[in-house]
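Subject: Structure for you to look through

Hello,

Please find the structure below, followed by notes on what turned up in it. Keep the structure open while you read.

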Amino acid sequence: MYLCIFKTYYQYTMRIKRIILGTLSVCCFLAFTANAQTYLYVSPKGNDAGNGNIQSPYRTIAKAQAEARKASGEVVIFLREGVYRLSAPLVFTPEDSKSQDKSLTIRAYSDEKVVLSGGVTLDKLQWQPYKKGILKAKLNGIPVMDMLLVNGEIRHQARYPNYDASAIRFNGTSADATAPERVKTWKNPAGGYLHAMHSSDWGDFHYRITGKDKKGALDMEGGWQNNRQYGLHKANRMVENIFEELDTPCEWFYNAAEAMLYYYPKEGENVATAVFESPQLKHLIEIRGNEANPVRNITFEGIDLTQTVRTFMEKYEPLLRSDWTVYRGAAVLVEGAENCFVKNCNLYDLGGNAVFFSKYNRHCEVSGSHFTRIGASAVCFVGNPDAVRSPSFEYHQFVPVEQLDMTPGPKTNDYPAYCRVFDNLIHQIGRYEKQITGVELSMCRAITISHNSIYDTPRAGINISEGTWGGHIIEFNDVFNTVKETGDHGSFNSWGRDRFWHPNRHLFDSLLNDGALKDLVLADAMETVEIRNNRFRCDRGWDIDLDDGSTNYHIYNNLCLNGGLKLREGFYRVVENNILINNTFYRHVWPRNNATVFTRNIVMQPYERPHGGYDTQGTLIDHNIFTDSITYQTARKYGTDERSIVSKVRFTDPASGDFRISDRSPEVFRMGFQNFDMSQFGVASIRLKALAETPRMPEVLIASDEAKSEVLMWENVQIKNLETPGERSATGMDSERGVYVVSVGAHGNELRDYLKSGDVILGFAGKQVNTLDDLQKAIAGADLNKPQPIVIFRDQKSQTVTIRAGIVRSNIRKE
């Protein structure tokens with residue numbers, strides 16, 4: 001009986017156990033299904049008729065994308081090694097992210113090299129001799145011939161003047177590029193281009209040549225690429241895509257009517273085996289949604305993106321009243337997205353912008369990526385101007401006060417916000433356009449720019465075009481070798497020509513003082529922009545440049561290695577605990593009661609004389625640390641810094657970039673200055689750290705008893721006698737002689753094109769220069785209406801450069 005009872009009990013418990021286990025299995029299956037991952041594979045050697053697994057991959061990304069739309073949960077498309085040549089952009093819409101919990105990742109498989117290219121190969125070229133070393137070949141089909149790469153290297157369209165890697169602007173410019181005598185030699189210049197700098201070097205202009213008029217002058221269209229229409233520079237211009245200018249190796253010309261490619265090969269180049277490619281697309285990837293129906297949770301990772309056409313002749317739009325216009329497009333165009341990412345990618349040989357976040361975007365990111373050889377800007381965040389209240393679109397435009405919308409903030413949410421640019425290496429950008437930047441912010445909010453290395457740019461490394469709508473964090477970036485082809489700008493640059501700003505200064509002041517505009521000062525610049533813990537170096541401008549109207553900034557813990565810091569016009573700027581190596585604080589056109597604070601900063605050169613309408617009422621400029629008495633006395637002369645001090649500042653290891661204040665300067669700390677970390681500037685990842693360059697460290701110039709001369713000005717260049725052992729050591733000179741270039745001004749004369757900080761002037765106009773007096777006499781005795789040679793000592797050697805006629809217009813003076 002007990003056995004029967006036991007058997008019945010056993011069968012009952014097993015039945016219950018099976019029910020429990022079954023229930024658990026169903027639950028686990030449902031949980032697994034809800035979080036299922038789908039893996040799809042694509043290979044250039046695959047077949048779209050395959051099943052998309054690793055053994056039978058698809059051939060096209062479009063096929064994998066179509067299959068991914070059918071799946072739920074997390075989908076990963078693995079791209080196997082190879083080049084994927086796109087005939088049209090990859091377009092992602094809300095169809096690719098149907099639910100909040102669905103995600104799509106498109107990434108390189110393992111560590112394989114995956115390239116998305118917008119270029120085609122020019123196959124079966126039958127090269128024939130043309131003349132004078134030039135070859136020609138008929139092209140099949142009708143490709144876009146805007147750029148040409150040979151064996152992966154950019155080749156230059158036939159141009160004048162010829163390409164010169166050492167030239168400052170456009171790799172070579174000349175005043176006679178469009179001279180009537182030269183134009184006369186061009187049989188049919190239609191399709192050529194004129195590229196010219198702005199008359200004040202504020203960016204550039206581009207024109208397409210459409211032909212000649214009856215008098216032989218050029219007919220052209222274009223010039224919309226700059227928002228300050230003050231005309232073209234007379235000397236800084238070049239032309240390209242002109243057949244008659246095909247005269248040197250590495251140049252090419254395409255005759256569209258004949259479908260004939262003319263090419264002057266590089267010395268030793270075998271055109272029979274060389275790979276010729278030409279970009280065809282403006283965009284490689286497009287994410288297209290909107291606020292009501294956004295594209296969500298898409299990531300591109302570990303992919304090379306390359307070969308897009310130049311876009312300088314596309315439709316441009318002004319970024320409100322800033323100096324810039326922009327093409328709203330890029331190799332990666334993101335519009336109407338949430339939580340979309342570009343990670344660990346390489347972007348190179350692109351004709352226009354690299355990544356562009358347009359209009360509504362939230363919580364998107366570009367990180368761990370390498371940008372180089374980019375035609376325009378690297379990363380842009382640009383909102384919809386329809387989201388701006390009472391917008392104006394050019395420097396001289398304004399909305400009458402009685403018509404201004406007085407409501408703070410944006411009208412809509414159609415702008416990027418809460419996005420991040422983190423750990424990116426950005427260099428050699430602006431190859432074709434000069435009004436560009438590493439990271440551009442316009443009509444956006446709360447963008448974080450952190451741990452990026454940005455250098456070798458023709459304009460700013462980071463640019464904020466206006467105050468709409470603030471809240472940005474700019475931190476731990478390493479930004480240097482900027483403003484290399486332009487002027488009157490900085491490694492960091494901003495404008496703030498917001499609703500409260502008016503182009504008529506007298507009317508502007510009266511409206512502010514009357515209170516009519518004062519309530520609007522923070523209506524657009526709603527949230528404070530934090531600029532902190534960065535390293536900046538600009539040798540042709542300011543390290544930090546807050547231009548017209550820039551408002552609501554907190555700038556602290558920044559190391560400025562050369563160009564100092566400028567504030568113009570705006571309100572509510574707090575600048576504290578920064579180190580201005582060998583430079584100073586520039587004050588331009590301050591309105592009354594602007595609430596600016598400049599305190600606890602280390603200042604190493606005398607304040608520049610304030611420019612235009614400077615008013616210290618309602619400001620605090622005090623409690624700073626000056627490194628010599630002359631610098632301090634200049635500040636006192638301007639009525640500031642009553643409680644500031646003079647202290648011999650000792651840095652820990654400036655030659656290695658460690659500008660922390662040593663314990664041997666206790667009085668600096670008593671003023672409230674605090675050391676900040678000098679080891680975190682720039683990229684953070686191991687991969688990019690191995691590639692990134694760092695700025696040249698300056699020799700610290702602190703006036704001492706051994707120095708006998710003060711710093712003087714020559715055409716906005718600070719100079720002094722080279723007379724101390726430290727200066728001699730820094731320059732590598734054999735003795736203490738010559739005129740030492742302390743710094744080169746950001747604006748004004750073009751002498752900045754010929755001199756760099758750290759140069760030593762040894763001769764001018766055929767006269768030897770050992771002292772400032774020698775230079776004075778040489779300038780006075782020279783015919784400045786003619787080109788003049790100047791001998792400089794740079795990079796451990798003496799060299800002679802010729803200064804263009806008319807550049808030097810005045811003698812040396814005291815500041």
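**Salt bridges**

Arg310 is buried, at a relative accessible area of 9%. Here buried means under 20% relative accessible area, exposed means over 50%, and partly exposed is in between, with a 1.4 Å probe and protein chains only. Before going further, note that this is a predicted model, in which local features need pLDDT of at least 70 and side-chain atom pairs count only at pLDDT 80 or more, while totals for chains, interfaces and linings use all residues. Residues are numbered from 1 along each chain as its sequence is written, and side-chain values use heavy atoms, with hydrogens and water left out.

Which residue forms a salt bridge with Arg310? The partner is Asp146, and the closest N and O atoms are 3.3 Å apart. A salt bridge is a side-chain nitrogen of Lys or Arg within 4 Å of a carboxyl oxygen of Asp or Glu. The pair joins distant parts of the chain, 164 residues apart: Asp146 is in the loop between strand S9 (134-138) and strand S10 (148-150), and Arg310 is in the loop between strand S23 (304-308) and strand S24 (317-318). Helices (H or I, at least four residues) and strands (E, at least two) are DSSP runs, numbered from the N terminus. Asp146 also counts as buried, at 11% relative accessibility.

A second salt bridge brings together the side chains of Asp524 and Arg499, at 3.0 Å from N to O. This pair too links distant parts of the chain, 25 residues apart, with Asp524 in helix H5 (residues 521-524) and Arg499 in the loop between strand S42 (490-494) and helix H4 (505-514). Asp524 is buried with a relative accessible area of 2%, and Arg499 is buried with 5%.

Glu569 and Arg568 form another salt bridge, with their closest N and O atoms 3.8 Å apart. Glu569 counts as buried because its relative accessibility is 5%. Through shared partners, salt bridges join Arg228, Asp323, Arg497, Asp545, Asp547, Asp548, Lys566, Arg568 and Glu569 into one network. The total by this rule is 47 salt bridges.

**Nonpolar cores**

In soluble globular proteins, nonpolar side chains tend to be buried together. A nonpolar core is a set of buried Ala, Val, Leu, Ile, Met, Phe, Trp, Tyr and Cys residues joined through side-chain atoms within 4.5 Å. The largest one here has 86 residues, and Leu79, Phe371 and Phe492 touch the most other members. Apart from it lies another core of 24 residues, including Ile719, Ile761, Leu772 and Ile812.

Contact means heavy atoms within 4.5 Å.

Five strands make an open sheet in the order S12-S16-S13-S14-S15, with antiparallel pairing. Two strands pair if DSSP finds at least two bridges between them. Strand S12 (159-160) and strand S15 (218-222) are the edge strands, and each pairs on one side only. Inside the order, strand S13 (residues 193-198) and strand S14 (residues 204-212) pair in the antiparallel sense over five bridges. Leu194 has Tyr207 in S14 as its bridge partner.

Is Asn624 buried or exposed? Asn624 is buried, with a relative accessible area of 0%. Asn624 sits in the loop between strand S54 (620-622) and strand S55 (625-626). A polar atom of the Asn624 side chain lies 3.1 Å from the backbone nitrogen of Arg600, and the side chain of Asn624 also reaches the backbone nitrogen of Asn601 at 3.0 Å. Leaving aside neighbours within four places in sequence, Asn624 is in contact with residues including Phe598, Tyr607, Asp641 and Met671.

Ile702 is in the loop between helix H8 (686-689) and strand S59 (712-714). Ile702 counts as partly exposed because its relative accessibility is 25%. Leaving aside neighbours within four places in sequence, Ile702 is in contact with Met604, Thr627 and Val649. Ile702 and Ile581 are 121 residues apart in sequence, and 9.5 Å apart in space from C-alpha to C-alpha.

**Cysteines**

How many disulfides does a search of the whole structure find? The search finds zero. A disulfide is counted as a pair of cysteine sulfur atoms within 2.5 Å. The sulfur of Cys340 is 5.1 Å from the closest cysteine sulfur, in Cys364, so it is too far for a bond. For Cys560, the closest cysteine sulfur is in Cys538, 11 Å away and too far for a bond. Cys340 is buried at 2% relative accessibility, and Cys560 is buried with a relative accessible area of 0%.

Regards

Key. A polar contact is a pair of N or O atoms within 3.5 Å; within protein, one must be able to donate a hydrogen and the other to accept it, and residues adjacent in sequence count only if both atoms are side-chain atoms.
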